[in-house]
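Biologist: Please take me through how to read helix packing and a chain interface in a model. Begin with the conventions.

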Protein chains: 2
Amino acid sequence: MSTVSLPDLGRRARSAARLLATMPSSAKDAALVLAAEGLTTSADEILSANATDVARSVESGASPTVVDRLRLSEERVAAMADGLRAVAALPDPVGEVVEGHVRPNGLRVERVRVPLGVVGIIYENRPNVTADAAALCLKSGNAALLRGSAGALESNRVIASSFSQAIAKAGLPPDAVLLVEDTAHATAVEFVRLRGVIDCLIPRGGPALISMILEHATVPYVLDGDGNCHVYVDAAADLSMAERIVVNAKMQRPSVCNAAETLLVHKGVADEFLPRMGLALDGVVLAADERARPLLPGSRPASEADFATEFLALELAVGVVDDLDGAIAHIARYGSGHSEAIVTSDLEAATRFVREVDAAAVLVNASTRFIDGGELGLGAEVGISTQKLHARGPMGLRELTCVKYVVYGQGQIRP
Amino acid sequence: MSTVSLPDLGRRARSAARLLATMPSSAKDAALVLAAEGLTTSADEILSANATDVARSVESGASPTVVDRLRLSEERVAAMADGLRAVAALPDPVGEVVEGHVRPNGLRVERVRVPLGVVGIIYENRPNVTADAAALCLKSGNAALLRGSAGALESNRVIASSFSQAIAKAGLPPDAVLLVEDTAHATAVEFVRLRGVIDCLIPRGGPALISMILEHATVPYVLDGDGNCHVYVDAAADLSMAERIVVNAKMQRPSVCNAAETLLVHKGVADEFLPRMGLALDGVVLAADERARPLLPGSRPASEADFATEFLALELAVGVVDDLDGAIAHIARYGSGHSEAIVTSDLEAATRFVREVDAAAVLVNASTRFIDGGELGLGAEVGISTQKLHARGPMGLRELTCVKYVVYGQGQIRP
């Protein structure tokens, strides 16, 4: 167990952040490439540390899912290294002049993109987050203060130390990536209260972690929330297109947040569309409301809870609505503000859906699965925000920065 | 005392927000002009309610400052009405397409500015905030849920009700402006925990309010922090310009957050500049460090606390630094991240100061007093954020919005 106190780590991270903020992209990219090489070189050491973590985790009776997330392999280490090289290849958001103008008194005003400072990441048993998060923070000029879980401590230690060595070799402050090795619950609470140290906290974990943050955090944070995503098939939908989109949104990768969880169908096309979908969604458990059930043999009755659930599995709630207003009202009630799609060829319906549905992303005639940093052209993704402040939707490198006013004068004073 | 519960008010605000988000600027502007007329028409009623508040406040032994903030006059009511007309005249931020592009698969991706939804404002004894905040929220398409203080309740009631009537007359949902009339402390705590109701909380008040929010809030918030602003006079400064800037930054309006609180002087010009400033800052109490004191007759020794204090008065901490690095380090240590200025004719010093000082705003050869929504061209100002997430520096109408992804396809699915 490390004897370094959290406030000490915080001070080191802040010093590193000040230095890192002024470093050119070339140095940061060189560090990322060296860190990728470092991971490859240390692969044996990483795998051996990981084997210790995995053994401990199995011994303590962890679920197979947890053990699977924890377990690294040569391929997974290679994928982590490739991830670092991919981040190195992305454009640097720092220094972008977002806007600028000259005031009537001659003051030149610019708004310039700068790093946030210290980004805190608190995460569960995924050692790959250590490398991913460190890379995204470094590229965006932020020091990363990483608080992983007890279960992945040995793996995280080796990965973070290999990363710090690469950073130092590239002439950047090694404290730009710091791992908090004290994994006590009390330290997690202390971590989310490091006001003045952490400029932005990004949690990567489940509901218990989010609750802890809502209850205790005093530092600013960005939450990556649930995705209870809907596809609404309008009266004027091309039903073949609708079928393709619903199948894709539900089945292409059901375990992710941008997969569809509820299908809403306009009553005018339900008789034709739903029996067809019953066949197309072969293998999907359907929970249907009163009007949809007779059209979906084998479905079970949908409860209120079904419409509120993010299944993350081959399960789908299905409802029939009277019209567009009914669909919009249903989404307002049950949606989690992630990604919502309409299938329609009616311009007015599309326009109203886009305008009236309150979510990070709305889609017309496309699968919800496209709401993802890679698919939208952001490159790497830090997460998908379902909150409205600071970042909404997929968060890329730009969301790890903020904008500062820079004002150039020639001696102006306020009259 | 109203019997409407906070959750009920929250539901009403959310419904109103959904309607308001789709309303055109013309309707919102008409409502603001009607609200301005309403304030003028109700002036007698407002002043009479305010007289009750003031009398109660005096009786309870409130300080003259508190009573002064609370007290309205015909002129102040007229100024509130003018404020509403000024907001009506500003451009509407809603609907702006912030960026857009077409993906290789033909998906058209846009990012569109939309209202936040429900904005919660929690504020102390200033009844003018009721009208100001309601206007800014309405213009930006947000429902305003206003939680004023007990001391201003009668005034707030009349102002909010006059505002709601104007909104209804313009055909907008009257619940778009709702006042929480329960002013118990427990309700304030409940208010900042209305997760799922309040999309953004903006506090307008002192350190006790901020602490309460840090401790209890579960809704997202934007804080308007202290301004411990510095002016650094470099070795290469034009000393006449520096004198004008320091006098302006300290003395033009010492009670505001963008006034200067500390003067830092390069040791190379201290001998010439400081005695001159001692005369120019006539009437300002100077707290000088060891090196500055002999050059400033009548100054008192500066303590550590002086450098950390936002005086908001005719008082200034003064320090001599060895060089630019010393100034940057001092600001990193004591600054509150608001507005920091350098006076110099040296390009490298200006460039380094701009890059290395971490604040909402940095200025070269201009008074810190320019960091204000009006002076920077934002029109109305909601406050000045010293945090980094969502908004940094002066917050205008744009900071009361967020950006949503809109994706238009022709049936695209993810392979």
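Modeller: Axes are lines fitted to C-alpha atoms, for helices over the stretch in contact, and angles run from 0 to 180 degrees between N-to-C directions. Helices (H or I, at least four residues) and strands (E, at least two) are DSSP runs, numbered from the N terminus. This is a predicted model, in which local features need pLDDT of at least 70, side-chain atom pairs count only at pLDDT 80 or more, and totals for chains, interfaces and linings use all residues. Residues are numbered from 1 along each chain as its sequence is written, while chains are lettered from A and ligands numbered from 1 in the order in which they are written.

Biologist: At what angle do the axes of helix 2 and helix 7 of chain B cross?

Modeller: Two packed helices are described by the angle between their axes and the distance between the axes. Helix 2 of chain B and helix 7 (residues 153–169) of chain B cross at roughly 140°, and their axes come within 8 Å. Helix 2 of chain B is therefore oblique to helix 7 of chain B. Angles under 35 degrees count as roughly parallel, over 145 as roughly antiparallel, 65 to 115 as roughly perpendicular and the rest as oblique.

Biologist: Is the crossing of helix 2 and helix 7 of chain B left-handed or right-handed?

Modeller: A crossing is left-handed if the near helix is turned anticlockwise from the far one by less than a right angle, and right-handed if clockwise. The crossing of these two helices of chain B is right-handed.

Biologist: Which residues of helix 2 and helix 7 of chain B meet?

Modeller: Two residues are in contact if their C-beta atoms, placed from the backbone, lie within 7 Å. On helix 2 of chain B they are A31(B), L34(B), A35(B), G38(B) and L39(B); on helix 7 of chain B they are S162(B), F163(B), Q165(B), A166(B), I167(B) and K169(B). By class, this contact has seven nonpolar, three polar and one charged residue. Ala, Val, Leu, Ile, Met, Phe, Trp, Tyr, Cys and Pro count as nonpolar, Asp, Glu, Lys and Arg as charged, and the others, Gly among them, as polar.

Biologist: How do the axes of helix 2 and helix 6 of chain B cross?

Modeller: Helix 2 (residues 25–41) of chain B and helix 6 (residues 127–139) of chain B have axes that come within 9 Å and cross at roughly 165°. That angle makes the two helices of chain B roughly antiparallel. Helix 2 of chain B passes helix 6 of chain B in a right-handed crossing. K28(B), A31(B), L32(B) and L39(B) of helix 2 touch A131(B), A135(B), L138(B) and K139(B) of helix 6.

Biologist: How many residues of chain A are in contact with chain B?

Modeller: On chain A, 56 residues are in contact with 57 residues of chain B. Strand 16 of chain A gives the largest share of the chain A side, eleven residues. That side has 28 nonpolar, 16 polar and twelve charged residues.

Biologist: In which sense do strand 16 of chain A and strand 13 of chain B pair?

Modeller: Two strands pair if DSSP finds at least two bridges between them. Here the pairing is parallel, over five bridges, between strand 16 of chain A and strand 13 (residues 361–366) of chain B. V407(A) stands opposite L363(B) in strand 13 of chain B.

Biologist: What rotation superposes chain A on chain B?

Modeller: Copies are superposed by least squares on the C-alpha atoms of residues with pLDDT of at least 70 in both. A rotation of 180° with 0.0 Å of shift along its axis superposes chain A on chain B (RMSD 0.0 Å). That is the relation of a two-fold axis. H390(A) comes closest to the rotation axis of the residues of chain A, at 1.8 Å (C-alpha).
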